[in-house]
Amino acid sequence: MLELRQIVSQYGPVIALRGVDLTVRQGEITCLLGGNAAGKSTIMKTIIGLVRPTSGTVSFEGQTLNKLPTRAIVSRGIALVPEGRRIFGRMTVWENLALGAHVRRGRPQAEIDEDIERIYGLFPRLRERVTQVAGTMSGGEQQMLAMGRALMARPRLLLLDEPSMGLSPAFVDQVFDIIQAINRQGMTILLVEQNANVALSIAQRGYVLTTGRIVASGTSAELLAADEVRHAYLGEA
Amino acid sequence: MADILAILPQQLVFGLSLGAVYGLIALGYTMVYGVLSMINFAHGEVFMVGAYIGWAVLTVLIGHAFGGLNPLWVLPVLLIPAMLLCGGLGVVIERVAYRPLYARGASRLGPLISAVGASIVLQNAVMLSQGARMKVYMTNLVFPADWRFNVLGVSISVLSIVIIVISLLLMWGLVTLIQRTALGRSIRAVAEDREMASVMGIDVGRVVSMTFFLGSALGGAAGVLIGLYYTQIDFMMGYAAGLKAFTAAVLGGIGNIKGAMMGGLLLGVIESLASTFINPAFKDVVTFAVLILALIFKPEGLFGEPLADREKI
């Protein structure tokens with residue numbers, strides 16, 4: 001569904017990605033593991049068009065994306081839940097969700113309202129806080145809102161960048177349960193995580209990124225068994 | 001002293017109408033700052049062009065001697081073309097003078113210089129096409145000088161009340177648009193987080209254009225109102241008014257819409273009180289002294305958020 005071929009990305013003299021190949025298959029959760037500054041977020045930003053690759057191609061359902069502006073990429077069916085959530089903190093929960101549906105403007109309001117109801121079904125906490133200014137909510141609630149906002153676009157591919165970061169363990173479990181539930185309803189997901197154990201437990205397939213290079217890839221079972229993954233990310237000697 | 005107290009209510013009404021117009025102009029500065037974090041120094045000139053458009057339309061109306069010039073239809077006929085054309089002018093200024101610089105990743109200084117350049121171009125264009133001499137609004141054909149009413153012995157001109165009412169209506173319209181419509185939501189999204197706004201699928205360039213359109217349209221309306229009030233306009237009038245309105249925006253907290261409106265009203269009232277109680281020659285000294293004091297004790301402006309909070313978002 002999504003293919004990255006030989007992506008090289010540079011910020012001035014700093015090379016963030018050194019020829020990354022990555023495939024996300026329809027209906028699966030693919031996870032991308034790696035430490036700080038490995039280039040995981042750069043990959044997400046490259047897919048969504050916030051970072052332009054120096055060379056290489058990104059294609060989605062057979063169409064090349066890497067020359068398109070972000071808004072055109074988003075309207076082709078990709079949504080991003082960014083690192084650090086980045087909800088619109090000065091707006092209400094409802095307004096954040098409405099902005100998530102921006103790519104579907106022109107659709108009947110009843111359909112949008114129905115989707116907002118579905119999001120409330122997935123995250124009942126948001127319904128209680130519908131008129132609250134989003135910036136005053138807890139980190140976990142903001143994460144739910146960021147995911148709800150992305151889902152409002154009715155994407156076919158969901159990019160999740162470190163959804164567990166900064167959340168209490170109870171919330172982490174809840175968030176991952178919801179990610180799995182969304183996936184079972186047919187959503188294809190690319191998940192960036194530092195917490196390899198949890199990520200591999202819900203993903204079908206994974207990639208390991210170190211300093212801008214893919215160093216290991218395979219099914220979750222293969223990665224869990226691979227020495228370099230166990231040493232580096234699962235805390236085993 | 002008794003004399004001064006007798007004219008105080010009149011001076012307050014004068015200050016409020018002047019302040020309402022400052023507020024209208026200040027909205028343009030503050031909205032553009034909100035989405036681009038830059039000061040559009042050409043905005044004062046957009047206001048000046050608005051005054052000229054209103055003057056031109058009024059001159060045509062008078063030339064055709066439509067009999068009585070009833071303000072009920074004359075005002076919209078002056079305001080609407082000035083607002084539409086100034087709105088368009090704002091969009092063009094952004095496209096020509098600012099966007100090419102941003103697209104090439106210019107620092108904040110580049111667009112600032114470009115703004116000063118745009119304002120010089122506009123002043124000279126108006127001077128060359130309209131002449132350097134002032135133009136006169138025949139205001140008394142629309143609002144005769146004896147249209148005044150007495151409230152508790154205070155004589156107040158109808159025009160100053162009309163200016164306050166129109167300014168407040170336009171402000172109310174803008175606030176409604178920003179708070180209640182999808183376009184307003186997009187503008188707020190771009191102002192808060194430009195990158196995430198584009199991830200929502202928002203066409204950021206279009207939102208920036210719309211922001212310039214709205215701010216410049218209000219500036220154009222302000223030009224017409226000031227033209228009617230002072231009756232004399234010239235190609236340099238945008239400089240001083242722009243500086244005052246910019247001050248109002250900073251006083252209220254730049255980037256904040258409510259702040260721009262309140263800052264404008266406050267500035268107008270301070271100015272008229274300073275003229276009444278101290279000396280008209282010192283009114284600008286007092287105005288800017290208030291600004292400096294306000295910024296020392298509340299650097300983010302009266303309604304602004306502390307900068308650190310803004311950066312966190």
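Mentor: Let us go through chain contacts, domains and a helix pair in turn.

Mentor: This is a predicted model, in which local features need pLDDT of at least 70 and side-chain atom pairs count only at pLDDT 80 or more, while totals for chains, interfaces and linings use all residues. Residues are numbered from 1 along each chain as its sequence is written, and chains are lettered from A and ligands numbered from 1 in the order in which they are written.

Trainee: How many residues does the contact take from chain A and from chain B?

Mentor: Two residues are in contact if their C-beta atoms, placed from the backbone, lie within 7 Å. Here chain A gives 22 residues and chain B gives 15 residues. On the chain A side, helix 2 (70-75) and helix 3 (93-100) are the elements that give two or more residues; helices (H or I, at least four residues) are DSSP runs, numbered from the N terminus.

Trainee: Into which domains is chain A divided?

Mentor: Domain bounds come from an automatic or database domain assignment. Chain A has domain 1 (2-77 + 155-233) and domain 2 (88-153), and their C-alpha centres lie 24 Å apart. Their contact takes eleven residues from domain 1 of chain A and seven residues from domain 2 of chain A.

Trainee: At what angle do helix 5 and helix 6 of chain B pack?

Mentor: Axes are lines fitted to C-alpha atoms, for helices over the stretch in contact, and angles run from 0 to 180 degrees between N-to-C directions. Helix 5 (residues 158-180) and helix 6 (residues 182-192) of chain B pack at about 75°, with axes 5 Å apart, so they are roughly perpendicular (65 to 115 degrees) to each other.

Key: Parallel < 35°, antiparallel > 145°, perpendicular 65-115°, else oblique.
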